[in-house]
Amino acid sequence: MSKTFDVRKLLADNLVVVIFLVITAFAVPVSGLSAQFIIQELLTRIGRNAFLVFSLLLPIMAGMGINFGMVLGAMAGEIGLIVAVDWGILGVNGLALAALVGMPVAVILGWLAGEVLNRAKGREMVTGYILGFFMDGVYQLIVLYMMGSIIPIRSPAITLSRGYGIRNTLGLDSVRQSLDTLLAVRIGPYVLPMATYIVIAFLCLFILWFRRTKLGQDMRAIGQDQGVSHSAGIAVERTRIIAIVISTVLAMIGQIIFLQNMGNMATYNAHKQTGFFAAAALLVGGASVSKATIPNVFVGVVLLHLMYIVMPRAGAQLFGQAQIGEFFRDALSYAAIAMALVIYAWRKRANAEKARAGLRGGQAAGGAK
Amino acid sequence: MSNESPLLSFEGITKDFYGTVVLKDVSFTLGRGRILGLVGENGAGKTTLMSVLFGMPVISETGGFSGTVKLDGQAVSFRSPFDALDAGIGMVHQEFSLIPGFTTTENIVLNRESLKAGPAVEVFGERLSVLDRPKMRARAEAAIGRLGVKLDPEMLVSEMPVGHKQFTEIAREINRDNVRLLVLDEPTAVLTESEAEVLLSALRNLAAQGISIIFISHRLHEVLSICDRIVTLRDGRVVKDTDAKGVTVADVASWMVGRDVDDSGRKFDARKLPGAALEVENLWVDMPGETVRDVSFSVREGEIFGIGGLAGQGKLGIPNGIMGLYPAGGTVRLHGKTVTLDAPRAALDAGMAFVSEDRRGVGLLLDESLDWNIAFTAMQVKGEYLKTYLGGLVRLRDEKAMRALTEEYVKLLDIKCTGPKQKAKELSGGNQQKICLAKAFALKPTVLFVSEPTRGIDVGAKALVLDNLRHYNRDFGTTIVMVSSELEELRSICDRIAIVDEGRIAGILPPSAPISDFGLLMAGQKVPEEVQP
Amino acid sequence: MSKLDPKKARRWAIRAALGLLYVVLAVALFVTGRGHTILVDNKADPAGAFPALKAAVVSVDRQKPMEFYPGDRDKFIVKGQRHVLRVKPLAPGAQEKVVEFRVPLKEDMTLVSISKLMAGVEPWYEPFTAPTAQERAAERAAADLENPVETFGSFSP
Amino acid sequence: MNRLKQAVIDFGWPRIIIFLFVVALFIGAPFVNVRVDSSFTDVFNRFGQNAVLVLALVPMVQAGCGLNFGLPVGIIAGLLGSTLAMEFGLVGWAGFLGAIGLAIPFAAAFGFAYGVLLNKVKGEEMTIAMYVGFSIVTFFAILWLLLPYSSPNMVWGYAGRGLRTTITLEGYWGRILNDFLAVRIGENFQFPTGMILFVILLTVLTGIFFRSKTGTAMTAVGSNPDFARAGGVSADRMRLTSVVLSTVIGAVGILVYQQSFGFIQIYNAPLFMAFPAVAALLIGGASVNKASMLNVIVGTFLFQSILTMTPSVINSVLQTDMSEVIRILISNGMILYALTRKTKVTK
């Protein structure tokens, strides 16, 4: 049966994308920002955020929904950066070392998160969210109390005046924008952080390759039907944990890329919003809780951040207060996630109903024999 | 047919679940490349026998089995279905175990994909090798070829017609290189006539290639047309093991259902009952696994009307549909007043009550006390057992009245419990069933539907439950519609028995009718002289 | 030790090698990436052994040169251990002095005194540990004790 | 003996550990010269402040909708009620009761829409509830700026439009419940009788509701929806009623919280208010689909005493302010513990 190009179905599928397109299309001219400024901002933001959003792809493929527990990966990345800055390692070496230090931490945290999520089947997303809060407490315990007292910290510049615990904001000037400026290319008025783009390109290749491996195939199978996968002999629990571990490690690297672009790190708050931003971006890009592709990531990052750039100015022009633009931006991002979740759950029920209707006896199917 | 040692042989297989014997000294053999039909009523032991063959955990957990299973002459005992698969024994279930979003090829080679090793394998192990899709497609096409059917290897299972799904699953089982035996459990249940025909010819192809097949089905005409030998099981014993040639459907039906006990001496009091309590016309019910296609019957006032038939034919769908628990259509009239379907409340308000077959799932609130369970429906539907305050604005549970009601039924139905406040989950199966009965009786219904009332309870409790039903019918005149897969039980209590096959009533018989007639109706055949309702 | 079949043995060997590579890479990153702060100081010796340079242009490795006047102190951030220091006094006809020096891995900061260097006094560079907040306060208190009058007198703005 | 053992297993080890921790805090307090009487005042104040918000969760848990992470929907209705009451210049008891009166219709309307949405969506209800709550709070942040409030006490000084982030209730109905029949012993122990009575009244009313016909039906829907359906109860209607009830009690809860706190907090303040309430309910012994009045009282008391006692006692014992970390670990640890238990309904 040929795929008839049904515009209505296309719109229904990507309702969230369409709404965002309409709003940003309306807000861009109102904000009065120059196209050149917006495009430059978008280029840097794609480099800064894309990697983080990619870390959500695998758990979705494995049927675990949006991994709000990726916050654990972000924490691992921050711990790596703290060590790199403390040892005074400059430039890209510092970033690489932060990743090497953060890797084991991310693997352990990811494995732990996988075990917890396996015990909360059917409500992985909310459990991941609460796990993020819980581990935030553990993170504060380690970074605010153990670092400097139990864990040796060399440079006093980053420790609190009381002698232990890391400062609230950590200057990353030793590694600031080192990845972005590594191979920065100037095309016309725009500066493109090519090194970051190359790293992101590598990640895309990794994901494309991973989907074609046996482990990737197992994850797709589990994502659709755990019972059938189990009876076929696939190790369901173990594969789900591997999906979460990989997602956490990617989030760790993503956070390092994000923070090196920002130039400084809010030690105790930087990771709080990563889960929310990545999820909002992915869902705005048209992904659903059970299906997410690479284009969804890019479309999502562009659309969401276009709104984040433009909305405050639009609010200022329209209502005379930039704050309204910011509130509207936040409200819209939360609404995007809520809408995407509702549409996904509602459609899952509708499909189940439709499938059942097909089997109806009596007048409907005329009945065999 | 070469007659070297048989591929598979069961010798003296005996199995009991907590004392009730399910398989008694079952022995038969199956030669290479031969098709064996395994028939019998549900509960005759077919599924248990297959679980023994496949080493399902349920067998070892309940004390294992005695006797030996021999494969190619050597005794084998598999600890899990995966061992059986490795030994070349595949099973195709009735409900499909396929991944909807995968293509035919991906499903056929599920978890046995052909792989190309890469550098990552050395570090992280086998699962990081890349899938060799062309090789997978070739293997799938080979398996489909062996089946002799046309299947598009790249089509998604979710977009496949039902017949193709069945073939995909069979192709997956025979895709293993050392497959020697294939077990099919009710494969044609969901197929149309033409699809079933294609399946049967495919199975003949496989047999010709040396694969032995155990074909479990209740469609006796299919069994006769394809099998070389037929083994009939009844109450866990092999009652007949014959060659298929010259056997008719009627023979098999009577072997399946026939009791040795000679019941010519039994007295069936045929009661003359005027008037119609319940009339059902062209009822269809969409209940998963129990689809009712087109059923019409009427129940006389004060009668005990029985509904029998094999599992999955739709007999359970009838009461669930009428009581509005599943989407249904058609017309149902109670004492002349039509009852709206798809609305549980309407059925209850009309004076009908239902004791569900799913005791733990639907029948009980396991975490609540007994008085809650019994009084709940009466409270919600009739507003009984409530104390009203402030002129009816606030209606609170009348704990005292609920306790009195419970104690009344505990005495009446002899329910063994520590008191009205005991949690339902702490009672035995039999007592739980009595609680469900009490819940329905508390509604004082004019028509009572009872579904599988004696399933999974001990013999003593069975007799008590049936006596209570008879008592309520004879003394209070409650019309009862009883659905059960125990034919003997229906014959002992019902005035008339309807047999349901494939979502339709195949026929209605008096309890005194010969056993083979019942067998024929169950197998979907017409009975010579039908008794019109 | 159960006889490991060759494939498993090879795989474990590879994993061990990769683990080692991981550590080696970390160390390599550490060494090559290690940043140090070079404090260049142009103070005269309080005991009068050597004067401060009137004016000079100083640069480390290929970084931007800086001008120094008596009493100045400034810092260069450098990567790695071996560095080249160029000092060119602005006096007419003065000779540019180029020296090489090594900073030990462990040191965060190294104090280089160009006045000692030009005067040929050794050692012209030594490790410098930044005084923590408490130490700095203690230092100032000690200074106050030595000349109490002067502190009262100076009304800093 | 095994009845006790069974009770221990049901109650769960983490809850027992927390209970012992609180007892230790109370015993330890005098040794580290922490004034016990002022601590008790704080505990009772905070107990009264939060108990109604925790009570608001019970209807939805009983009806099987899970933990109501969308509590902010009710809180927003409460904020609307109190800001409107202040706009109309209602003072004292008229102010407090007026605020409740104004809040209830909003709460019922929001609750109805929110309930209809939740009924359409089965599975991951809790995540959806959470994000619906976040969206409404951030959306209303815009409305607080735009709605034509004029009372000087509430509006930004210079702009003359849009509400301040915190609005004092002084002169309106600040601490109206706390000071009602307040019992004062010694100079720093004050028992907020009015508020505690109000909380007890609401708890008893909710308890009575769950003994009513609809309440019984709601509990049945929570523990076995099929049983309820077979008993002639419409599961969706019961779930909808539970959501509306939960939202209304939530609105009243925030009003009680505000009058005791003394300020109305708007904009992003209610964003994360659902989590401490859920943690308190779970510490009290509730599970994801069963919660009783006792769970509310015990849970709120335990949780709030942890929040009040840890800063003072722990700080003087360990000389560091670990109380924030402890609060995060305990409250989120409890929610995780509940979420990872297999649902207790025996199948």
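## Domains of chain B

Domain bounds are those of an automatic or database domain assignment. Under that assignment chain B divides into domain 1 (7–88 + 178–193 + 209–257), domain 2 (96–176), domain 3 (263–351 + 445–533) and domain 4 (360–444). The model is a predicted one, in which local features need pLDDT of at least 70 and side-chain atom pairs count only at pLDDT 80 or more, whereas totals for chains, interfaces and linings use all residues. Residues are numbered from 1 along each chain as its sequence is written, while chains are lettered from A and ligands numbered from 1 in the order in which they are written.

The centres of domain 3 and domain 4 of chain B, taken over C-alpha atoms, are separated by 26 Å. Between these two domains, 13 residues of domain 3 of chain B are in contact with 13 residues of domain 4 of chain B, two residues being in contact if their C-beta atoms, placed from the backbone, lie within 7 Å. On the side of domain 3 of chain B that touches domain 4 of chain B, the elements giving two or more residues are α12 (344–349) and α17 (459–476) of chain B, and α17(B) gives the most, with 5 residues. Helices (H or I, at least four residues) and strands (E, at least two) are DSSP runs, numbered from the N terminus. By class, this side of domain 3 of chain B has 9 nonpolar, 2 polar and 2 charged residues, where Ala, Val, Leu, Ile, Met, Phe, Trp, Tyr, Cys and Pro count as nonpolar, Asp, Glu, Lys and Arg as charged, and the others, Gly among them, as polar.

## The open sheet of chain B

Chain B holds an open sheet of 6 strands in the order β6-β9-β10-β3-β11-β12, with mixed pairing; two strands pair if DSSP finds at least two bridges between them. Because β6 (89–92) and β12 (237–243) of chain B stand at the edges with a single partner strand each, one side of each is left without a neighbour in the sheet. From one strand to the next the twist averages 15°, with axes taken as lines fitted to C-alpha atoms (for helices over the stretch in contact) and angles running from 0 to 180 degrees between N-to-C directions.

Helix α10 (residues 249–257) of chain B lies across β3 (35–39), β11 (229–234) and β12 of chain B, and runs at about 30° to β11(B).

The secondary structure of chain A comes to 15 helices and 4 strands, and its C-alpha atoms fill a box of roughly 85 × 55 × 35 Å along the principal axes. A compact globule of 369 residues would have a radius of gyration near 21 Å, and the 22 Å of chain A agrees with this; the radius is taken over C-alpha atoms, and the globule rule is 2.2 Å times the number of residues to the power 0.38. Of the 369 residues of chain A, 53% count as buried, that is, with 20 or more other C-beta atoms within 10 Å of their own, against 12 or fewer for exposed residues and values in between for partly exposed ones, with C-beta atoms placed from the backbone.

Among the 5 pairs of chains that touch, chains A and D have the most contacts, with 34 residues of chain A in contact with 31 residues of chain D. On the side of chain A that touches chain D, α6 (91–119), α7 (124–146) and α15 (322–358) of chain A each supply at least two residues, and α15(A) gives the most, with 15 residues. That side of chain A has 22 nonpolar, 7 polar and 5 charged residues.

## A buried helix in chain D

Helix α10 (residues 213–223) of chain D is largely enclosed by the rest of the structure, because 9 of its 11 residues are buried. The buried residues of α10(D) pack against α14 (370–382) and β20 (394–397) of chain B, together with α4 (58–62), α9 (193–209), α11 (225–230) and α12 (235–261) of chain D.

## Chain C

An open sheet of 4 strands in chain C has the order β4-β1-β7-β8 and mixed pairing. Strand β1 (residues 35–41) of chain C pairs with β4(C) in the antiparallel sense over 7 bridges, and Ile38(C) stands opposite Phe76(C) in β4(C).

Towards chain A, 13 residues of chain C are in contact with 14 residues of chain A, and helix α1 (residues 6–33) of chain C gives the most to this side of chain C, with 7 residues. Chain C and chain D do not touch, their nearest C-alpha atoms being 20 Å apart.
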